Amino acid sequence: AEVENAGTTLPQRGTGDAAAVPALHLAESAPWMTSSILPLSPQTYLDRAATTAEDLTVLAPVVDERIREEVEQSDPELDGDYADWLDPACRRPKVRLLGRPQVWAQGSLPETTPQLAFHTEAVVLLSTRTRGLLSSEYAGLMWPSEPDVVGKPKVRKSIANLRAWLGRDEHSGEEFLVSIFEGRMARYLIPRALRDAELFRRLRVRAVARGADGLEDLWKALALVDGPPFDDLSIRGEKDGERGPGGWAWLTDANQRLDFEYQAMIVDTAHTVADRHLGAGEPELAAKAAQVALRAGAYDDVPLLDLVAACLAQEHEAEAEGYVRQLLSNSGVEREEDLQPRTAEVLFRLRRRWRDQAS
């Protein structure tokens, strides 16, 4: 089954040429027609931020006005969808993935057996499949320990419960859970559900396309983060009466690790924002962005290095050393030269600049 991919629209660090990004190619027009989300000279960011030349190329490609217009026109509903997400009165289903999974819906589940954990997982599963799932695929993923579950009444019953819970679009009158029949087999999807991770991705794409004007979109995206993606899946051990222990087994499929993809997306976005503010001499805001990445559960050197840079820029040397110790502890090494090459390189550069300033 097809699964959404949060990591393909914009490449992560080290994945290759920025020109591979759909519709975000390096601009070939005149300089006054181009822009980047990191608008200062590359050397400025290399001098002031915890970044590398590769980061700047991959995360902040230069784009022109034509590309900006194409990207903005391709997603005209983005601002309205973001406003709907923030509006508590909006009746569209909302699915939180950047934190503990949660669904907000206008209807209700049966009072006798609400099975909130089970139906939350079902909504998450269906809403993250861009083409939905055939009923057989849905049954196999939700009841992985029952090879003969396809066609059983409880599968149809769960879909009926989801329809009642998600409700109908107040404008069109159509149910939010859509069925498309392919022969005698139904395909289920929830195309109008709002998902924080998808809003994050769309904001990030538009931010890069807007170049220097894209910072607000990146902050809007970071504001969506409520914790580690798919956090607190202690519900794995709950039972729904028939299904037995477990749940979310589909999430741990090696080819469908949305939690890892979303976390990488958050880290790269926070790093871009930190670079932008460090380059502009705003270390407090850079630190705020890096803390979002840590709140997302990032076990990554990048946000810690951003915090080292922000602390040194504010002359908080002791605090910076605390983050360096955390880097060493995370890597299980005692010497800075034994850190990962990128980390050691960036840290050496930050220390050298700090010494130069102090002298």
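Exposed denotes over 50% relative accessible area, buried under 20%, and partly exposed the range in between, with a 1.4 Å probe and protein chains only. Helices (H or I, at least four residues) and strands (E, at least two) are DSSP runs numbered from the N terminus.

The model is predicted, so local features need pLDDT of at least 70 and side-chain atom pairs count only at pLDDT 80 or more, whereas totals for chains, interfaces and linings use all residues. Residues are numbered from 1 along each chain as its sequence is written, and side-chain values use heavy atoms, with hydrogens and water left out.

**Helix H7**

Next, select residues 153-166. H7 comprises 14 residues and reaches 20 Å from its first C-alpha to its last, close to the expected 20 Å; that expectation is 1.5 Å times one less than the number of residues.

Now highlight Lys154, Val155, Ser158, Ile159, Asn161, Leu162, Trp165 and Leu166, the buried residues of H7. Viewed down the axis of H7, these buried residues fall within an arc of 160°, so they line one face of the helix. The arc is taken over the directions from the helix axis to the C-beta atoms.

What do the buried residues of H7 pack against? Display strand S4 (102-104), helix H5 (116-127), helix H6 (135-142) and strand S7 (185-189), which are their packing partners; contact here means heavy atoms within 4.5 Å. Following H7 is Gly167, with a positive phi near 80°.

**The sheet containing S7**

Two strands pair if DSSP finds at least two bridges between them; S5 and S7 pair in the antiparallel sense over 2 bridges. Pick Leu133 and then Tyr188, its bridge partner in S7.

In strand S6, centre on Phe181. Phe181 counts as exposed, at 59% relative accessibility. Between Phe181 and Leu134, the C-alpha to C-alpha distance is 8.9 Å, although 47 residues separate them in sequence.

**The whole chain**

Finally, zoom out to the protein chain, which has 14 helices and 8 strands. Of its 359 residues, 50% are buried. Among contacts between residues at least 6 apart in sequence, 68% join residues at least 24 apart.
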